[in-house]
Amino acid sequence: RSLLRTGYAGASPESHAPLRPPYDKVSSFACLGSYFKAIADKASGKTESEKMKDKMNNTDAELLLILQKGIPFEPRPFSVIGKDIGLSEEQVIEKASSFIRNGMVRRFGAIFEANYLGYSSTLCAVDIPKGDLERLAAAISPHPGITHCYERNDRPNLWFTMTAPAEELSAELAGISKLLAPFELSIFPARRTFKIGVLLDV
């Protein structure tokens with residue numbers, strides 16, 4: 001269960017500015033996966049995935065797949081994308097915006113290789129009693145460096161990723177630790193990357 005209140009806004013569909021290295025790892029619909037949960041809807045008898053597909057046509061599905069793979073490094077990337085699937089630049093932007101408005105997609109934005117930009121990130125976890133969980137999650141989630149703030153059905157039960165300039169990461173974590181006191185923050189820095197992206201077939 002996501003407990004993230006806010007996070008990086010990312011690039012908006014209206015932006016036409018080209019991206020250049022070191023921004024060489026760009027993923028668009030990063031949080032699409034949360035809309036593929038197989039949760040039965042009591043009224044319709046359909047899963048969330050089935051209800052989402054009812055709202056889509058083949059062009060929508062094709063566009064979602066393309067946007068998950070990333071946008072091209074072009075001055076007008078949505079125009080380039082549109083040419084491949086028979087849409088105008090304006091139609092691509094409108095569809096991308098409508099995916100978010102309609103709840104089919106939660107976020108559209110760039111994901112950068114943080115280390116190329118002088119940033120470091122780490123996975124964090126803390127075990128919090130149920131009665132304090134919502135309050136403390138709300139206290140830390142507005143931090144601009146915190147993403148993927150989730151409740152897990154285990155111990156520790158609150159997990160999140162923290163990203164900050166490398167020389168500031170320790171201080172930022174210390175500040176977050178104070179907000180979570182008296183509960184102890186566990187830090188799990190990555191030692192090896194096994195997966196850098198997920199592509200969901202819609």
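Here is a chat about helix packing, nonpolar cores and one lysine in a predicted model.

Q: Hi! Before we start, what kind of model is this?
A: Hello! The model is predicted.

Q: Good to know. How do helices H5 and H6 pack, in angle and axis distance?
A: Helix H5 covers residues 130-140 and helix H6 covers residues 169-180; their axes lie 10 Å apart, at an angle of about 155°. Angles over 145 degrees count as roughly antiparallel, so H5 is roughly antiparallel to H6.

Q: And is that crossing left-handed or right-handed?
A: H5 and H6 make a right-handed crossing.

Q: Which residues meet there?
A: From H5 you have Leu136, Ala139 and Ile140, and they meet Ile176, Leu179 and Leu180 of H6. Sorted by class, this contact has six nonpolar residues, with no polar and no charged ones.

Q: What about the largest nonpolar core, how many residues does it have?
A: That core has 19 residues, and Ile140 is one of those with the most contacts inside it, along with Ile128, Leu158, Phe160, Met162, Leu180 and Leu185. Two or more residues come from each of these elements: strand E1 (119-126), H5, strand E2 (146-151), strand E3 (158-165) and H6.

Q: Which residues are in the other core?
A: Another core, of 15 residues, lies apart from that one, and its members include Leu63, Leu67, Ile81 and Ile93.

Q: Switching topic: at what angle do H3 and H4 cross?
A: Helix H3 (residues 77-85) and H4 cross at roughly 100°, and their axes come within 8 Å. The two helices are therefore roughly perpendicular to each other.

Q: Who meets whom in that pair?
A: Phe78, Ser79, Ile81 and Gly82 of H3 meet Glu89, Val92 and Ile93 of H4. By class, there are four nonpolar, two polar and one charged residues in this contact.

Q: Last one, Lys95. Where is Lys95 found?
A: Lys95 is in helix H4, which spans residues 89-101.

Conventions. Residues are numbered from 1 along each chain as its sequence is written. This is a predicted model: local features need pLDDT of at least 70, side-chain atom pairs count only at pLDDT 80 or more; totals for chains, interfaces and linings use all residues. Side-chain values use heavy atoms; hydrogens and water are left out. Helices (H or I, at least four residues) and strands (E, at least two) are DSSP runs, numbered from the N terminus. Axes are lines fitted to C-alpha atoms, for helices over the stretch in contact, and angles run from 0 to 180 degrees between N-to-C directions. Angles under 35 degrees count as roughly parallel, over 145 as roughly antiparallel, 65 to 115 as roughly perpendicular and the rest as oblique. A crossing is left-handed if the near helix is turned anticlockwise from the far one by less than a right angle, and right-handed if clockwise. Contact means heavy atoms within 4.5 Å. Ala, Val, Leu, Ile, Met, Phe, Trp, Tyr, Cys and Pro count as nonpolar, Asp, Glu, Lys and Arg as charged, and the others, Gly among them, as polar. A nonpolar core is a set of buried Ala, Val, Leu, Ile, Met, Phe, Trp, Tyr and Cys residues joined through side-chain atoms within 4.5 Å. Buried means under 20% relative accessible area, exposed over 50%, partly exposed in between (1.4 Å probe, protein chains only).
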